[in-house]
Structure formats: C-alpha cells, structure tokens
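Dear colleague,

Please find below the structure that I am handing over to you. My notes on what was found in it follow directly after.

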Amino acid sequence: MAQRRISGDRLFITVVYLVAMCRAVPIGDLLDRASQRSDKMHSLSTQLTQEMDTHFPPYGRMQMQRPAECHTSTLQTPNDKEQALQVSNSDLMSLVRSLLQAWVDPLVILSNSAITLPHPAKSSISSKIQELQEHSKSLADGLDILSGKMGPAAQATSSLPYTGGTDLGQDRVTILNKFGFLLSCLRRDSHKIDSFLKVLRCRAVKLQPELC
C-alpha cells in the first residue's frame with residue numbers, strides 16, 4: 001500500500017512537471033488531481049480526529065485550546081465559499097501553499113509523537129499521519145510548479161512558523177490534549193486547502209460558481 005502511494009505521488013509530480021514544460025495536459029485536469037489529493041488529506045484529518053475522540057478524556061476537552069490559537073490563525077483567509085469566490089486565482093494559490101508549508105514541521109511532530117501516544121489506536125493514527133505527510137509533500141511540490149505559471153502573487157507565501165515546541169507534555173491528559181488540538185487545527189486547515197483548490201478547479205474548467 002505504501003509503495004503504491006509513493007508511486008502515485010511521483011506520478012502526480014511528474015505529470016505536473018511535464019505540463020509545465022509542454023502544456024500537454026489542461027490545467028483544469030491538473031487542478032482536478034490536486035483537488036482529489038487535498039480531499040484525501042481532509043478525509044484523513046477527519047478520520048484522525050474521530051479516532052482521537054474515541055479515547056479522549058471528557059475533562060480534557062475543557063482544557064483544549066481554541067481554534068483562534070492555531071499557529072495558522074494569523075493568516076487571513078476567506079470564511080466561506082462565497083468569500084473564496086471573490087479572491088483571485090493567484091491569491092488562492094498563495095493561501096493554499098502557505099497553509100501546506102505551515103504544516104511541514106507540525107506534521108513531523110505529530111508523526112514522532114504518535115509512536116508513543118497513550119491511545120489504543122496509536123498504530124492506526126501513526127499510519128494515517130504518515131500518509132498525510134506523503135500527500136501534503138506531493139501536493140506542495142506539484143503546486144510549486146503550477147504556481148510558477150500563475151505569476152509572482154501565486155508564488156508568494158506567508159511565513160507561519162509553529163512555535164509550540166516538540167514536547168507535548170509528560171502526563172497522559174496533557175499529551176492527548178495537545179495532540180488533539182494540533183489535529184483539530186490540521187482538520188480546519190485541510191478543509192480550507194481542499195475548498196480553495198476546488199474553487200480553482202471550477203474556474204479552470206469554467207463551471208458555474210454554485211457548482212464549486
């Protein structure tokens with residue numbers, strides 16, 4: 001399964017590169033593939049939060065940080081589809097690439113922490129996070145190439161460093177709390193990435209806004 005995923009990632013990047021060189025495949029098709037990958041990322045992040053919920057102390061939720069404290073919360077993004085439709089293609093691409101870049105380090109922390117996570121589904125959680133890392137890197141590499149064809153605005157990214165540290169704590173509740181909070185932020189951002197790419201895909205294939 002892992003080998004098939006890696007092969008798929010390489011194929012995605014290779015196709016993007018070939019299009020960038022000779023425009024053999026319509027941009028709409030490439031964005032469709034990118035959207036499929038981002039949809040998978042959001043699906044995985046949703047599954048992860050659901051698995052965490054099956055073994056999360058109720059009192060731990062009361063201690064969980066708010067979404068406004070996610071490390072990507074300073075990035076100004078559209079709040080819904082209607083607002084996203086008012087944003088230019090290059091700015092949407094910039095937002096997607098900024099969010100993907102912002103999750104490189106936190107995904108490493110989640111991956112490293114999942115191995116010893118005090119949760120009965122830690123093996124499944126660890127596997128899904130590794131898959132998320134692969135999809136995220138593949139998508140980021142492909143969009144780096146595509147953004148080069150969209151001008152300077154699409155290539156610009158906002159720096160959103162993660163400053164939460166690599167240590168999730170010592171006691172079980174604190175570790176689960178911090179791990180769960182990071183996953184909730186990831187789920188929120190993966191939804192944004194997926195939504196913005198779907199808008200770009202719809203525009204590329206000239207669908208009606210209500211179908212995006």
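The link of Cys70 and Cys185 is left-handed, with -85 degrees about the S-S bond. The two residues form a disulfide (a pair of cysteine sulfur atoms within 2.5 Å), and their sulfur atoms are 2.0 Å apart. A search of the whole structure finds 1 disulfide. Cys70 lies in the loop between helix 3 (58–63) and helix 4 (81–84), while Cys185 lies in helix 9, so the pair ties together parts that are 115 residues apart in sequence. Helices here are DSSP runs of H or I with at least four residues, numbered from the N terminus. Cys70 is buried, with a relative accessible area of 4%, and Cys185 counts as buried at 1%. Buried means under 20% relative accessible area, computed with a 1.4 Å probe on protein chains only. Cys202 also counts as buried, at 0% relative accessibility.

Two remarks on the basis of these values are in order. The model is predicted, so local features need pLDDT of at least 70 and side-chain atom pairs count only at pLDDT 80 or more, whereas totals for chains, interfaces and linings use all residues. Residues are numbered from 1 along each chain as its sequence is written, and side-chain values use heavy atoms, with hydrogens and water left out.

I turn next to the nonpolar core, a set of buried Ala, Val, Leu, Ile, Met, Phe, Trp, Tyr and Cys residues joined through side-chain atoms within 4.5 Å. The largest such core has 47 residues, and those with the most contacts inside it are Leu110, Ile125, Ile129, Leu139, Leu143, Phe179 and Leu197. At least two residues of this core come from each of helix 2, helix 5, helix 6, helix 7 and helix 9. Helix 9 supplies the largest share, 13 residues.

Leu110 belongs to helix 6 and is buried, with a relative accessible area of 0%. Leaving aside neighbours within four places in sequence, Leu110 is in contact (heavy atoms within 4.5 Å) with Trp103, Ile129, Phe179, Leu182, Leu183 and Leu186. The C-alpha atoms of Leu110 and Ile129 are separated by 7.2 Å, although the two residues are 19 apart along the chain. Leu110 is one of the buried residues of helix 6 (residues 104–114), a list that also includes Pro106, Leu107 and Ile109. The buried residues of this helix pack against helix 5, helix 7 (122–147) and helix 9.

Ser38, in helix 2 (residues 27–53), counts as buried at 1% relative accessibility. Beyond its neighbours within four places in sequence, Ser38 is in contact with Leu139, Ile193, Asp194 and Leu197.

Finally, the structure holds 1 cavity of 30 Å³ or more. A cavity is a set of points on a 1 Å grid over the protein atoms alone where a 1.4 Å probe fits but cannot get out, and lining residues have an atom within 4 Å of a point. About 40 Å³ of space lies in the largest cavity, a volume being the space filled by probe spheres set on the points. Its lining includes Met41, Trp103, Ser136 and Asp189. Helix 5 (89–102) and helix 9 (172–204) are the elements that give two or more residues to this lining, and the largest share, 4 residues, comes from helix 9.

With kind regards

Definitions and conventions: 1 Å grid on protein atoms, 1.4 Å probe; cavity = no way out; pocket = protein on both sides within 12 Å on 5 of 7 lines; lining within 4 Å. Buried < 20%, exposed > 50% of the residue type's maximum accessible area, 1.4 Å probe, protein only.
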